[in-house]
Amino acid sequence: MRNINKIIGKVVLVVLVTLTSLNGFSRRNTTANKSGNETPVLAAGCASAVGKATLKLNNVRTRIEGTGGSMWQDRANSFADYEVPKRKNLDDPKYTAIYAGALWMAGQDVNGQLKIAAVTFRSDGNDFWPGPLNTTTAEVTAETCTLYDRYYSVSRAQVDEFIAWYDCTQDETCDQANLFPGYNIPDQILDWPAHCNVNLGQDEFLAPFFDKDGDNFYDPNAGDYPKYDISGTVDCRTTRDVRLYGDTTVWFVFNDKGNVHQESNGLSIGMEIRGQAFAFTTNDEVNDMTFYNYEMINRSTFTLTETYFGQWIDPDIGNGSDDYVGCDASRGLGYCYNGDNNDENSDGQIGYGSTPPAIGIDFFEGPFADNDG
């Protein structure tokens, strides 16, 4: 529990592991569990997010619908879409280990009123919409929601190449024509959403970028680029400096003020969330993992107390009807595994067969608050 004005949540980790412990039987419930809160006041009339992205760098391929607050689910067809191991060909069997997931958050305002934003399958509506909020009013327009219903993908390799090319252009002894024949700055770098629209009251700065010339304005032609820790000198244990992670990164921004909270029926918070989904290419277990990072900014005028954040996960190891779930408190790890040694096909989902794996979900580093008591 903590008082929150601004919170930066760190990394949520999803990893494929092999476990054999036995715990409670899990079963999906797609029926909404509605709270008794009064009906919230309509804010902006934003439409439901429809944008989608795919994260598929290593041994995992998965769907991202973060501008609507959800992950890993093919909602149109009611199928799981966290695929591991990733198929080499589209006609190969598709094995999936997670059905759905979402970020949950809640706290109390100064009057003890519950403020909450949380979704499950989004079958009953939404609590999240795309886009940044006005920094003064914590509001958003429908036009802003539509504009930001998209994803910004970039890779560390693209940025590394850009830096090498730019440095070459600044060195008269560097043979640019031979070293970088036909090079053009990638659209992923040119179109990086470094700034918001200050005329709409939004924060001047949005997605993190390295400002090479120090003028507080993103311009790749002046050497600026999406902000990875290129030098490898940032200590994540001691700094809150926001940057990009992974070998490939999908960046997005969303909020809980775009419309009435239809899934939780709760009162909106005024939270702006800047998300990253990312992955690494390695030759060890990290190759079977994906990671998620959220920067959560309370744009409202009230301080939240009794505040909690969580990552809701609905895992399905292939056939979801015979799975078990458990937790390892010492590791802070939740996990799901098959209830027997044979994971059969069921309801259109392909089972993993006679050697079913397990999936683990870990808050690699949880949220922390400003030092304001």
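Biologist: How many salt bridges does a search of the whole structure find?
Modeller: The search finds 16 salt bridges. The cut-off is a side-chain nitrogen of Lys or Arg within 4 Å of a carboxyl oxygen of Asp or Glu. This is a predicted model, so local features need pLDDT of at least 70, side-chain atom pairs count only at pLDDT 80 or more, and totals for chains, interfaces and linings use all residues. Residues are numbered from 1 along each chain as its sequence is written, and side-chain values use heavy atoms, with hydrogens and water left out.

Biologist: Which residue forms a salt bridge with E65?
Modeller: R75 does, with the closest N and O atoms 3.1 Å apart. E65 sits in strand β3 (residues 61–65), and R75 in the loop between β5 (73–74) and β6 (79–80). They are 10 residues apart. Strands here are DSSP runs of E, at least two residues; helices are runs of H or I, at least four; both are numbered from the N terminus.

Biologist: Is E65 buried or exposed?
Modeller: E65 is buried, at 3% relative accessible area. R75 is partly exposed at 26%. Buried means under 20%, exposed over 50%, partly exposed in between, using a 1.4 Å probe and protein chains only.

Biologist: And what about D81, which residue does it form a salt bridge with?
Modeller: K94, with the closest N and O atoms 2.7 Å apart. D81 lies in the loop between β6 and β7 (82–83), K94 in the loop between β7 and β8, so the pair ties together parts 13 residues apart in sequence. D81 is buried at 2%. K94 is partly exposed at 24%.

Biologist: Where do R274 and D203 lie?
Modeller: R274 is in strand β15, and D203 is in the loop between α4 (187–190) and β12 (209–210). Their side chains meet in a salt bridge, 3.5 Å from N to O. The pair ties together parts 71 residues apart in sequence. R274 is buried at 7%, while D203 is partly exposed at 25%.

Biologist: Switching to rings. How many aromatic pairs turn up in the whole structure?
Modeller: The search finds 26. Rings of Phe, Tyr and Trp (its six-membered ring) pair if their centres lie within 6.5 Å; planes under 30 degrees apart count as stacked, over 60 as edge-to-face, the rest as tilted. Y99 and F121 are edge-to-face, 5.7 Å centre to centre with 65 degrees between the planes. Y99 lies in strand β8 and F121 in the loop between β9 (114–117) and β10 (129–130). Both are buried.

Biologist: Why is the pair of F210 and Y225 stacked?
Modeller: Because the ring centres are 5.0 Å apart and the planes are at 25 degrees. F210 is in strand β12 and Y225 in strand β13 (residues 225–226). F210 is partly exposed at 33%; Y225 is buried at 8%. Both belong to one aromatic cluster, along with F162, W165, Y166, F180 and Y183.

Biologist: Last topic. Which residues have the most contacts inside the largest nonpolar core?
Modeller: I64, M105, I273 and Y292, in a core of 42 residues. Such a core is a set of buried Ala, Val, Leu, Ile, Met, Phe, Trp, Tyr and Cys residues joined through side-chain atoms within 4.5 Å. Strand β8 gives the most to this core, seven residues. A second, separate core has 25 residues, including V159, C168, C196 and W251.
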